[in-house]
Amino acid sequence: MSHPDDDVGELAAAHRADRFHDECGVFGVHGHPEASHITYLGLYALQHRGQESAGIVSTAGVGREHHVHRAMGLVADIFSEKTLQKLPGRHAIGHVRYSTAGGSQIRNAQPFYATTDGGPVAIAHNGNLVNALPIRKELEGRGAIFSTTADSEVIVQLLARSRERTQEERLLDALSRVKGAFSLVMLTGDAMIAARDPRGFRPLSLGRLDGAWVVASETCALDLIGASFERDIDPGEVVVIRRGRLRSLRPFSAESERFCIFEYIYFARPDSNLNGHNVYAFRKELGRVLAREHPVPADVVVPVLDSGNTAALGYAEETGIPYEQAMIRNHYVRRTFIEPAQSIRHFGVKVKHNAVRGVLQGKRVVLVDDSIVRGTTLTKLVTMLKAAGAREVHVRVSSPPTIGPCHYGVDTPTREELIAHEHSVDEIRDLIGADSLGFLSLEGLRRAGESLKHGFCDACFSDEYPVEVTEPDPAPQLSLFRTVEDEDG
Ligand code: SF4
């Protein structure tokens, strides 16, 4: 049998590839003298929602230009004091983006911006529009030139072509045409506008800092900048902030709420509150429910780092089995370390992960993760734990089998790539080499979700999609349009 380290060389990369990925985080601040610096910090706190690219647009207000900086990479690498100095003004919005490999291009980095006859606008969007492709085809047929492959550009194009009088009315006009998920923030010359789709798939919170208004995908961003939490923006609500005043509009017909349950299970940071509920506490509760549904005689409960941490705590508390961090990860290894030269491969492996043989030797282990997507990570982990001396490895998953892709703003593999779509629980157990396997039931998740007191989407577990997808996800051809950012990127 191979040494455990032999299998964990690609573990970090495999773990990233074997997850659902939230595609974006948005942030905005209106009326603060250090708006771009504040936005930079907000994006820093939202980095977990997207690591491929980031951007900030700022302005000093009416009649003044919008300043833009977008680039590929992490927030800390993209922005320096020098770049932030080039983003002056009291108003700013920002965006972090995750994308699939094919869509990982600087031209798709947000915020998107455009000059309309009503002045400049910039938009940062989290979510996915299920009717973006037919709208795009229609607009291209009328002469529109798209410069990105992102569905979000449809909103900008609709807004730019709207016959309504003000930017605010144009945005409402554009949003009335799109379907699906949007939590967005828009910066015009004189206002910041934040909007959530009528189902409220993605989170969006409102805060205050030194008299300025702040909008953020998650409350952890408000915490970092020391802003007070005011409230969540409601599903279907549009909030217009102008000259320090906030106006709330409800322009869409009411729909039943469908907040993404995966935000609670995995995407959001555990220190965030979603709809007034702490993510950490909910994850722990899922671990408890999982323990009641799938108990097993064992000596230690071990989390998959870091995704299974909180559910594993709940499982351990419920069963009384000791919680041990029997895998250690070096947090300071950067992504550039993923593919070291062959000659130093084993060195890289040891730097990243190791199993704690002293904890695992001869033990019956419950290995807890929050979800199984392709199953590749767990296969490697089970092998690693057994090679490190574990006598039995019982895998427990704090969400139901993932059987369908997401159409509402999350990057997912195709249905066929989802291991739970293709295989039964027993088959998956054999494929990953575990001694037993237990998923949280859909009923268990829904019962736990009742405590949230709001409607939620669980379509990737139940196959019950709340908004019909009329067309395949957009994958249009790029128009021949180069920007300076393409050269830089
Ligand atoms: Fe979330 Fe629904 Fe998408 Fe699943 S299908 S990730 S629950 S929005």
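Is Cys457 buried or exposed?

Analyst: Cys457 is buried, because its relative accessible area is 10%; buried means under 20%, exposed over 50%, and partly exposed in between, with a 1.4 Å probe and protein chains only. The model is a predicted one, in which local features need pLDDT of at least 70 and side-chain atom pairs count only at pLDDT 80 or more, while totals for chains, interfaces and linings use all residues. Residues are numbered from 1 along each chain as its sequence is written, and side-chain values use heavy atoms, leaving out hydrogens and water.

Cys460 also counts as buried, with 10% relative accessibility. The structure has zero disulfides, a disulfide being a pair of cysteine sulfur atoms within 2.5 Å.

Aromatic contacts come next. Rings of Phe, Tyr and Trp (its six-membered ring) pair if their centres lie within 6.5 Å; planes under 30 degrees apart are stacked, those over 60 edge-to-face, and the rest tilted. This rule gives ten aromatic pairs. Tyr40 and Phe79 are edge-to-face because their planes stand at 70°, with ring centres 6.2 Å apart. This pair links distant parts of the chain, 39 residues apart: Tyr40 is in helix H3 (residues 35-45), and Phe79 is in the loop between helix H4 (75-78) and helix H5 (81-85). Helices (H or I, at least four residues) and strands (E, at least two) are DSSP runs numbered from the N terminus. Tyr40 is buried at 18% relative accessibility, and Phe79 is buried at 3%.

Tyr408 and Tyr465 form a tilted pair, 6.3 Å from centre to centre with 55° between the planes. Tyr408 sits in the loop between strand S22 (392-397) and strand S23 (410-411), and Tyr465 in the loop between helix H19 (459-462) and helix H20 (484-488), so the pair ties together parts 57 residues apart in sequence. Tyr408 is buried, with a relative accessible area of 1%, whereas Tyr465 is partly exposed at 22%. One aromatic cluster is formed by Phe262, Tyr266, Phe267 and Phe461.

A ring also takes part in a contact with a charge. The charged end of Arg208 sits over the ring of Trp213, 3.8 Å from the ring centre; the criterion is NZ of Lys or CZ of Arg within 6 Å of that centre and within 35 degrees of the ring normal.

Turning to the strands, two of them pair if DSSP finds at least two bridges between them. S18 (residues 300-303) runs parallel to strand S21 (residues 364-369), joined by four bridges, and Val301 stands opposite Val366 in S21. From S18, Val300 and Val302 point one way and Val301 and Pro303 the other, and all are buried.

Elsewhere, six strands make an open antiparallel sheet in the order S6-S7-S8-S9-S13-S14. Its edge strands, S6 (112-116) and S14 (245-249), each pair on one side only. From one strand to the next the twist averages 20°, with axes fitted as lines to C-alpha atoms (for helices over the stretch in contact) and angles running from 0 to 180 degrees between N-to-C directions. Within this order, S9 (residues 191-196) and S13 (residues 238-242) share five bridges in the antiparallel sense, and Ile193 stands opposite Val240 in S13.

Finally, Ser436 lies in strand S24 (residues 436-439) and is buried at 16% relative accessibility. Its side chain makes a polar contact of 2.7 Å with that of His394. Such a contact is a pair of N or O atoms within 3.5 Å; within protein, one must be able to donate a hydrogen and the other to accept it, and residues adjacent in sequence count only if both atoms are side-chain atoms.
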